[in-house]
Amino acid sequence: EEEEEEEDEGRDAFIINTEFEGIPVRDLADTSLTNWVHHVQFVLPQGRCTWYNPVQRAEDDFEDEEEDEEREEPDQPEPEKGPPLLTPLSEDTQVDGQSPWTVGLSTTLGTQYATVGIHSNRWPGAHAFALDRKFENVYIGWGLKYQSGGFQPVIPGKC
């Protein structure tokens, strides 16, 4: 029963493999992205990593039982779910018809010494770098997703 519940909820934690030996640079530089996975939770459309039910109210909020009966219960929203941890990047959805990630090498002259970098096309500014067993993630940006049309403010009407 516990295994079935875990499958429904998805993984939200993992165990570090101390015997991991790393992946060769040529495999990490593969544009299929099958060797890269998400190791942190997905940002849901709500803007959070864990879903919050805005309709759920504490029992202390109600003063009278009569008022409770008069109020209609709002529809329960469907909980948002992201992909489970360790989902390959190859399963990410495309961004405006292009790959969600761009792969690159630090140098093409001596690939045995090169570092592999991937850059998010969905979250501009999100980068990951790897070499053997070492990796690092960095985000440098405004916290905004990519928008194809860009920001175009509404022209105010005449007074």
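Which strand gives the most to the lining of the largest pocket? The answer is β4, with five residues. The model discussed here is predicted.

## The largest pocket

The largest pocket holds about 1400 Å³ of space. Its lining is made up of 44 residues, and those closest to its centre are Val-37, His-38, His-39, Val-40 and Asn-137. By residue type, the lining consists of 26 nonpolar, eleven polar and seven charged residues.

Three strands take part in this lining with at least two residues each: β2 (116–120), β3 (126–131) and β4 (134–139).

## A nonpolar surface patch

Val-37 is one of the residues closest to the centre of the largest pocket, and Val-37 also belongs to a nonpolar patch on the surface.

Leu-86 sits in the loop between α3 (65–70) and β1 (101–105). Its relative accessibility is 34%, so Leu-86 counts as partly exposed.

## A buried leucine

Leu-33 lies in another loop, the one between α2 (25–28) and α3. Is Leu-33 buried or exposed? Leu-33 is buried, because its relative accessible area is 3%, and the cut-off for buried is under 20%.

Key
Residues are numbered from 1 along each chain as its sequence is written. This is a predicted model: local features need pLDDT of at least 70, side-chain atom pairs count only at pLDDT 80 or more; totals for chains, interfaces and linings use all residues. Side-chain values use heavy atoms; hydrogens and water are left out. Patches are made of residues with over 30% relative accessible area and no salt bridge: like charges are joined within 9 Å, nonpolar side chains (Val, Leu, Ile, Met, Phe, Trp, Tyr) within 5 Å. Accessible areas come from the Shrake-Rupley method with a 1.4 Å probe; for residues, only the protein chains shown count as cover. A salt bridge is a side-chain nitrogen of Lys or Arg within 4 Å of a carboxyl oxygen of Asp or Glu. Helices (H or I, at least four residues) and strands (E, at least two) are DSSP runs, numbered from the N terminus. Buried means under 20% relative accessible area, exposed over 50%, partly exposed in between (1.4 Å probe, protein chains only). On a 1 Å grid over the protein atoms alone, a cavity is a set of points where a 1.4 Å probe fits but cannot get out, and a pocket is an open set with protein on both sides within 12 Å along at least five of seven lines; lining residues have an atom within 4 Å of a point. Grid points are joined across faces, edges and corners, and a volume is the space filled by probe spheres set on the points. Ala, Val, Leu, Ile, Met, Phe, Trp, Tyr, Cys and Pro count as nonpolar, Asp, Glu, Lys and Arg as charged, and the others, Gly among them, as polar.
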